[in-house]
Amino acid sequence: MEHLGLSWNPLTTQIESHDWQAELYSDVAHFNRVLHNLCTDVWSYISIGFFRQIPVAGATGSSTMPHKVNPIRFENAEANLELSNAIFDSLASTLVTSRWQRDLTDSSAQRNIGVAFGHSVLAISNVIKGLQRLDIAADVIAADLESNWEVLAEAIQMVMRAEAIAGTPGMENPYERLKELTRGHRVDAVRLKEFVGTLGLSAEAQERLSNLTPHTYNGIAAQLVDHAKDAQG
């Protein structure tokens, strides 16, 4: 066996231990759940118009609405991932138990290993094809950002706290002050900049916030992504 690159288990009961299989199937099920979450997120972004699907020539949309481009790849993937995980979860819990290590439930259960992997592979194939037919609706995303200036409330709070540490007076209760301004209200660029002007910030901090927009406020996201990429080599 070893010259074939295989290893053997010197300690067994009446049957070969299935613990390694249970661990493998749990790992694949975990991956499937992450992919399932991607599918539901993409489906949601399509539904609100952030993503557009590129039509496939000759493809049928809806049975009664030919103009529609349904997110069928992601819906198909969701279904296959759910079926795959139903089997993997069953295998992971079933294969680690046996009546005195003698019953043959494992034999029947293991006949479905290929089915579980098959559903997962089919889902992955559909996700890849679906992602290849996506286009970012930059105009829709830009319009959504422009109509939600209240997202800058977080940035203003952080600057106020930093100013308080630096000794700038009047920086008390940043959360409560932003809550009063933004909760239950839509805030546009003019109103937010007027509010910033009343805070008594240092000139540098006020200029930085005045130049900030929902389009440019992404914190250190770019640095974090670069760090993650570097860590992966």
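## Notebook: helix packing and other local features

I began with α6 and α9, which pack at an angle of about 170° with their axes 11 Å apart. I note that this is a predicted model. Angles over 145 degrees count as roughly antiparallel, and therefore α6 is roughly antiparallel to α9. I then listed the residues that meet: Ala-155, Ile-156, Val-159 and Glu-163 come from α6, while Ala-205, Arg-208 and Leu-209 come from α9. Sorted by class, the contact of α6 with α9 has 5 nonpolar residues, 2 charged residues and no polar ones. For my own reference, two packed helices are described by the angle between their axes and the distance between the axes.

I turned next to a second pair that also involves α9. How do the axes of α8 and α9 cross? I found that helix α8 (residues 189–197) and helix α9 (residues 203–210) have axes that come within 10 Å and cross at roughly 175°. This angle makes α8 roughly antiparallel to α9. On the α8 side I recorded Lys-193, Val-196 and Gly-197, and on the α9 side Gln-206, Leu-209 and Ser-210. The contact of α8 with α9 divides into 2 nonpolar, 3 polar and 1 charged residues. I noticed that Leu-209 is named in the contact with α6 and in the contact with α8.

I then examined the loop between α6 (153–165) and α7 (174–182), where Asn-173 has its place.

My next entry concerns Ile-87, which is found in helix α2 (residues 72–94). Which residues does Ile-87 touch, not counting those up to four places away in sequence? They are Asn-112, Val-115, Ala-116 and His-119. For Asn-112 I also recorded the spacing: Ile-87 and Asn-112 are 25 residues apart in sequence and 7.4 Å apart in space, C-alpha to C-alpha.

I looked up the aromatic rings and found a count of 5 aromatic pairs. Ring pairs link Tyr-25, Phe-88 and Phe-117 into a cluster.

Finally, I considered the chain as a whole. The protein is divided into domain 1 (16–137) and domain 2 (148–220). Taken over C-alpha atoms, the centres of domain 1 and domain 2 are separated by 43 Å. Over residues 98–217 I found the chain to be 61% helix and 2% strand, with the end C-alpha atoms 56 Å apart.

Note on methods. Residues are numbered from 1 along each chain as its sequence is written. This is a predicted model: local features need pLDDT of at least 70, side-chain atom pairs count only at pLDDT 80 or more; totals for chains, interfaces and linings use all residues. Side-chain values use heavy atoms; hydrogens and water are left out. Domain bounds come from an automatic or database domain assignment. Axes are lines fitted to C-alpha atoms, for helices over the stretch in contact, and angles run from 0 to 180 degrees between N-to-C directions. Helices (H or I, at least four residues) and strands (E, at least two) are DSSP runs, numbered from the N terminus. Angles under 35 degrees count as roughly parallel, over 145 as roughly antiparallel, 65 to 115 as roughly perpendicular and the rest as oblique. Contact means heavy atoms within 4.5 Å. Ala, Val, Leu, Ile, Met, Phe, Trp, Tyr, Cys and Pro count as nonpolar, Asp, Glu, Lys and Arg as charged, and the others, Gly among them, as polar. Rings of Phe, Tyr and Trp (its six-membered ring) pair if their centres lie within 6.5 Å; planes under 30 degrees apart count as stacked, over 60 as edge-to-face and the rest as tilted.
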